[in-house]
Amino acid sequence: MQDHIVQKALDTIQEMLILCDSIGRVTYANAKAMSLLEYDKLVGRVNVSDIFPNIFEKNEKRLVYKGEPEDSLFFMDCYRSNQTYFPVKGHVISLTGEDAYMIMGYDATDEVLLSKMGEKSKQEVEQAEKVRSEFVANVTHELRTPVNGILGNARRLDEIETDPKKKEILRLINHGCADMNAIINNILDFSKLDAGKFTLEEREFRIRETIEYVEANHRTKFTEKGLEFLVRVSPDIPETVVGDELRLVQILNNLLSNAYKFTTVGGIVLEVIKTAQVEDKVELFFLVIDSGIGIEKESMDKLFQSFSQVDASISRKFGGTGLGLNITKQLVELMNGSIHVESEPGKGSTFSFHIWVDVPRTEENRRTMETVITPEQSASFAVGPGNTNALHFGTEENARELEKKLSKLALSVEMENWEKAEMFMEAVRGLLEEAPREIKSAGLKLKMSVQKGNMEKSMEAYDKLVQALKEQMELEVS
Ligand code: ADP
């Protein structure tokens, strides 16, 4: 290339370029170097050890280079003519055969400032996170003590109290305290997971017994609400596995409680299937299927975010903090798995997740895992309750469900168990969703009386609703 072109290029580039000889004297400096260093003349006048004192040292006879290895990009302090300095990012190349150096770099003032600001804000964020998680830990701990105090005293009172009305109030206090403890636990778990301070406690456990325990936890509640509950564990699942049993129970409890909360007719299915095996590990696939209200497509992405509830009116009605699914997702991921949801509004939701667990090499495990699953057995898995027809007013299933729920509602009103009455009222309202206007408004009146806990008015409204229904369809309710 012609010299004048090279010269033009060197004077136009945005990097400074300095050459020096074996004793450090500058032999060439491009225009950028001149302007950055604020010298009128550099060549022959200045030594590179004055410009870069941290990387060059002038010995008596020759220049000594103390910087990073050749070709590596690094920061160096670069001194101007007035002895002020600024950071330069660049590299130093020794010109073999000539005993000289070439220094190239650009003004990195902006870069250094930004990274310092970034570092500072990172420290601030870390500090704020620490304060927050300590605060959450303290507050939740402080809350737990009075809640348990109330709980203990309510229980003592319950032992000596005989008046059913007062006992009912005590039961509600008990219930409230249990809810409060559940919320406190959720907040604690969330803050630990969020701060990355959560560890799993892995132990050997019998998974079928765990599932039975979970089933027993929920069965009564489900049955009382008139929901079917189907639990299926695939026969080829090992008897014992190694994992965090308590946290698995927590995940299942959360999904089943949600299924219960958002389902008024039909049922809930819990299934466990073995889906893969790699050496001593198996992949367990869990499905929680409900025939509840379902979730709109737009809300599904938000579902696993913290503090997210699909609909504020739903959360007022059903309670909850919106932390459950976020915690569940994080726990599943700690177990090397993932969680998914499929749902159709008005028809129901299926939450599925998989986790990996270790399988101890025992004779018992070997035997169960070798169980061959017949195609019929496998087809019986992954089938939902499919009782969605009941939701359509006027169908036979709908009439049957209405009969069931109405008689349970009447019973609860008679016994003045208002909590249960409200629950059955919800179910009835779900079943009346598609009913004609007069029937829906009779339903609404009944709901209001039930909410007020007014027995007489409730009975009256109940009779009116049943009458209106009888005019519409053949219903066998007394
Ligand atoms: P919360 O602790 O408030 O129940 P979750 O994180 O468990 O919070 O659930 C968040 C929201 O997701 C619920 O408020 C509800 O709107 C929706 N949701 C969760 N499970 C179901 C389900 N089985 N059917 C319908 N909606 C659900």
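Is lysine 404 buried, partly exposed or exposed? Lysine 404 is partly exposed, with a relative accessible area of 44% (buried means under 20% relative accessible area, exposed over 50%, partly exposed in between, with a 1.4 Å probe and protein chains only). This is a predicted model, where local features need pLDDT of at least 70 and side-chain atom pairs count only at pLDDT 80 or more, while totals for chains, interfaces and linings use all residues. Residues are numbered from 1 along each chain as its sequence is written, and side-chain values use heavy atoms, with hydrogens and water left out.

**Salt bridges inside a helix**

- The structure holds 27 salt bridges (a side-chain nitrogen of Lys or Arg within 4 Å of a carboxyl oxygen of Asp or Glu).
- One of them pairs lysine 404 with glutamate 401, with 3.7 Å between the closest N and O atoms.
- These two are three residues apart in helix H13 (residues 396-414), so about one helical turn separates them (helices are DSSP runs of H or I, at least four residues, numbered from the N terminus).
- Glutamate 401 is buried, at 6% relative accessible area.
- Arginine 367 bridges to glutamate 363, the closest N and O atoms being 4.0 Å apart.
- Both sit in helix H11 (residues 363-369), four residues apart, or about one turn of the helix.
- Arginine 367 counts as exposed at 53% relative accessibility, and glutamate 363 as partly exposed at 45%.

- Lysine 420 and glutamate 224 meet through their side chains in a salt bridge of 3.6 Å, N to O.
- Lysine 420 belongs to helix H14 and glutamate 224 to helix H6 (residues 207-224), so the pair ties together parts that are 196 residues apart in sequence.
- Both partners count as partly exposed: lysine 420 at 26% relative accessibility and glutamate 224 at 36%.
- There's also a network of salt bridges linking Arg206, Arg208, Glu209, Glu239 and Glu364.

**H14 against H15**

- The axes of H14 (residues 418-431) and H15 (residues 437-452) come within 10 Å and cross at roughly 165° (axes are lines fitted to C-alpha atoms over the stretch in contact, with angles from 0 to 180 degrees between N-to-C directions).
- That makes the two helices roughly antiparallel (angles over 145 degrees).
- On the H14 side, the contact (heavy atoms within 4.5 Å) includes Trp418, Met425 and Arg429, and on the H15 side Leu444, Lys447 and Val450 are among the residues involved.

Key
Angles under 35 degrees count as roughly parallel, over 145 as roughly antiparallel, 65 to 115 as roughly perpendicular and the rest as oblique.
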